[in-house]
2 protein chains.
Amino acid sequence: MAPLRSWLPIDPRSHFSLHNIPFGIISTSADSKPCPAIAIGDHALDLRAFTAGNGFAALSTIQPHQSVFSESTLNAFAALGRPLHKVVREYLQSVLLKDGPFPDVLEKNEKLRQSALLPLEDCDTHLPLRIGDYTDFYAGLHHAHNVGVLFRGPQNALQKNYKHLPVGYHGRASSVVVSGTPIQRPRGQILVDPEKGPELSPCRKLDFELELGCFVCASSDLGESIAVDDAPDYLFGIVLMNDWSARDIQAWEYVPLGPFNSKNFGTTVSPWVVLMDALEPFAADGIENDVPSLPYLDERGRKSNFAIDLTVTLRTASGLTSTLTKTSARNLLFSFPQMLAHHTVGGCPFNVGDLLGSGTISGKGKDEKGCLLERSDNGKIEVELEGGERRLFLEDGDTLTLSGVCGQGDGALVGFGECTGTIVEAVR
Amino acid sequence: MAPLRSWLPIDPRSHFSLHNIPFGIISTSADSKPCPAIAIGDHALDLRAFTAGNGFAALSTIQPHQSVFSESTLNAFAALGRPLHKVVREYLQSVLLKDGPFPDVLEKNEKLRQSALLPLEDCDTHLPLRIGDYTDFYAGLHHAHNVGVLFRGPQNALQKNYKHLPVGYHGRASSVVVSGTPIQRPRGQILVDPEKGPELSPCRKLDFELELGCFVCASSDLGESIAVDDAPDYLFGIVLMNDWSARDIQAWEYVPLGPFNSKNFGTTVSPWVVLMDALEPFAADGIENDVPSLPYLDERGRKSNFAIDLTVTLRTASGLTSTLTKTSARNLLFSFPQMLAHHTVGGCPFNVGDLLGSGTISGKGKDEKGCLLERSDNGKIEVELEGGERRLFLEDGDTLTLSGVCGQGDGALVGFGECTGTIVEAVR
Ligand SMILES: [Ca+2]
Ligand SMILES: [Ca+2]
Ligand SMILES: [Mg+2]
Ligand SMILES: [Mg+2]
Ligand code: NI
């Protein structure tokens with residue numbers, strides 16, 4: 001398929017090609033009230049201004065719902081459901097299309113372009129949805145295996161349940177923040193010297209975790225299960241997610257009830273939600289599971305992971321940037337539909353805006369690790385950076401950036417932009 | 001202190017004496033829109049109607065905030081902060097006081113009594129606050145010890161971290177429901193026969209957990225810690241909480257990230273929030289910690305647990321009721337202020353309406369166990385019930401009821417009422 005062309009100049013390497021149309025929440029210095037937008041090339045299309053300027057005039061199905069574009073989160077838009085997301089996305093594509101059917105809506109409407117088409121660099125981005133509950137899974141098989149080897153040795157690396165169900169735990173919704181939010185190094189109880197007992201200390205093993213996040217766009221009731229075949233209807237779209245982790249706090253606190261303060265000091269997501277429809281052309285198999293699935297998890301061969309190329313870079317306080325990781329989002333043993341089917345099999349209810357995390361994504365190779373715990377062998381092997389610096393874990397002033405993109409062709413990339421955060425020193 | 005007397009007839013054994021004044025959310029068949037209320041004796045005082053009828057005329061400090069009593073949750077009232085909770089509670093006490101200072105407000109105001117003072121039995125109760133995040137702790141030392149003995153033997157019953165920090169995990173906020181909500185037996189993956197692998201099955205080890213829940217009434221920012229001495233200002237009030245648990249699902253799923261589907265199918269709270277001010281006369285020491293606290297957890301001897309007498313009863317489908325448990329809420333090693341200080345020491349932010357669970361409360365005695373896992377020795381020792389029935393775990397049709405009360409004196413009880421739920425059969 002030839003790439004779609006827009007009348008708006010778009011860099012052919014932009015993550016936000018006409019094939020993408022991701023949704024987010026923006027504000028500007030001129031209008032500080034956050035509102036929905038899409039990203040297109042190096043612009044944001046402010047959907048509140050677009051609606052006010054009658055931009056949806058040619059799309060009758062959205063008329064009764066236009067108030068969703070005056071909200072300060074995407075929850076109301078998400079709640080309209082996947083058929084409407086598809087219609088709105090395709091309409092916006094057609095409005096932006098070169099020689100498209102609706103030139104009068106925006107291309108030839110100087111006034112609306114002035115009010116609604118804003119340079120991305122002038123926009124602040126905000127958390128795209130109001131999150132009710134956030135759950136983090138552990139579906140990155142190579143990550144789970146590598147971490148298991150570190151802590152239990154190669155014979156018992158994976159727990160017995162691992163391939164039978166998507167292992168997950170409830171995370172902290174209140175500390176999910178948008179890309180760019182500074183991350184303060186957490187303090188916490190750490191057992192340095194077992195003779196002396198734990199001390200309260202700034203984390204010394206601060207790590208990132210390369211993950212995908214998936215937002216839910218439909219609710220389910222207490223007692224209701226979502227069948228794995230129906231689960232795609234409940235998925236709004238995907239973002240990059242960095243589940244910042246304090247490994248030393250985690251090691252002391254996590255028995256027997258799992259990670260807690262080691263994970264709840266911040267979780268960063270990218271600002272632009274790539275809709276499931278935009279990802280569909282990049283659907284792919286994940287890791288093949290050599291354990292047969294129980295029927296409630298059986299997708300019968302449907303491709304429900306995605307061929308997203310993922311990159312992690314680290315910029316140190318010196319200003320030099322090093323690539324830490326290059327891998328693929330295909331390195332997952334379970335898909336988001338499987339996670340949702342498992343999460344609800346006992347009747348746990350969902351709300352629009354709930355967030356699912358994939359778990360850390362690592363490939364098999366040395367340069368494919370989704371966290372420093374794996375990469376540095378839990379602080380034993382130094383990672384060499386540009387300019388001769390080295391790292392075991394993150395230092396104050398480090399800026400960690402995840403990026404992800406689907407597709408190769410110029411002018412047709414479907415990307416996530418960046419998910420970034422800079423470490424600031426702990427409070428004393 | 002002699003008990004306060006009201007002009008309103010109140011059963012001297014009522015949990016909702018004039019000393020209590022707990023807050024909740026009600027609706028009636030006449031007015032189905034939920035609104036705030038207090039419980040007093042066997043009545044609810046509808047605070048929306050009370051406000052509309054100018055009931056707060058004599059309390060100028062609440063005038064600018066009266067809209068909080070038109071909300072469908074207590075979040076806005078809670079957010080006013082503890083000084084205003086105190087003023088409102090004491091004002092309502094004085095309005096209800098026999099020979100009190102404000103007879104014209106309600107006692108002699110037939111019209112307002114008709115519109116605002118409703119028989120409790122005519123009221124439906126609702127979840128009292130909109131919960132952002134819910135965290136369950138594990139501060140019941142005897143419970144943790146008993147469960148540890150069951151799974152790891154008496155030598156390693158408590159994990160090494162247990163006395164150093166309040167162990168906790170993030171729970172699922174979406175499945176917290178109000179007393180009376182039926183609880184559907186969850187399905188889930190269970191490993192019955194390791195040779196055959198896990199199966200999807202209705203839970204066969206369905207249990208309750210006797211806990212207290214504490215609602216938060218002030219927010220904190222990302223990166224901010226709440227000092228243990230300041231933590232009481234962040235606490236709104238306490239409810240009874242039943243953290244329903246599926247022990248067989250839990251046993252298979254919980255390594256290495258903690259309980260998940262075994263806990264997220266329902267958590268029941270009592271409808272009436274007993275304010276911290278009402279509990280203050282019953283402040284008591286918890287279990288003495290023989291491990292010195294790090295400074296951030298050190299309450300320096302402040303009594304911050306409560307002498308709440310707790311009872312658990314089980315009514316089976318036959319209609320016969322048996323008492324399963326009698327114990328005290330003093331059986332906690334850590335207090336809610338310590339939990340909040342620990343939860344925020346790394347900078348995890350809080351929102352108004354967030355819920356903290358104490359962990360299962362068990363005493364030392366055989367009849368003081370806060371769950372059936374302990375009581376039946378994980379399904380090995382039958383519990384004998386009235387009428388010759390027996391239980392290892394909960395059966396369909398069983399109604400489990402927690403109750404809790406402070407004080408002995410007639411007419412001065414500060415109680416929680418009931419937290420109840422009936423088990424309905426699993427979906428197939
Ligand atoms: Ca993670
Ligand atoms: Ca519990
Ligand atoms: Mg996190
Ligand atoms: Mg629960
Ligand atoms: Ni421009």
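Begin by selecting D309 of chain A in this predicted model, and then look directly across from D309(A), where V405(A) of strand β25(A) stands opposite. Extending the selection to residues 309–315 and 399–406 of chain A brings up strands β20 and β25, which pair in the antiparallel sense over seven bridges. Widen the view again and these two strands take their places in an open sheet of five strands in chain A, ordered β9-β26-β25-β20-β21 and mixed in its pairing. At its edges are β9 (183–184) and β21 (321–328) of chain A, each of which pairs on one side only.

Because E211(A) belongs to strand β13 (residues 210–216) while D243(A) sits in the loop between β14 (235–242) and β15 (245–246) of chain A, the pair ties together parts that are 32 residues apart in sequence. E211(A) is buried, its relative accessible area being 0%, and D243(A) is likewise buried, with a value of 0%.

Finally, move to chain B for the largest cavity, whose lining includes L212(B), F306(B), F334(B) and M339(B). A search of the whole structure finds ten cavities of 30 Å³ or more, and the largest holds about 50 Å³ of space. Colouring the lining by class shows seven nonpolar residues, three polar ones and no charged ones.

Notes
Residues numbered from 1 in each chain as written. Chains lettered and ligands numbered in written order. Predicted model: local features only at pLDDT ≥ 70, side-chain atom pairs only at ≥ 80, totals over all residues. Heavy atoms only, no water. Pairing = 2+ DSSP bridges. Helix = DSSP H or I, 4+ residues; strand = E, 2+ residues; numbered from the N terminus. Buried < 20%, exposed > 50% of the residue type's maximum accessible area, 1.4 Å probe, protein only. 1 Å grid on protein atoms, 1.4 Å probe; cavity = no way out; pocket = protein on both sides within 12 Å on 5 of 7 lines; lining within 4 Å. Points joined across faces, edges and corners; volume = space filled by probe spheres on them. Nonpolar A, V, L, I, M, F, W, Y, C, P; charged D, E, K, R; others polar.
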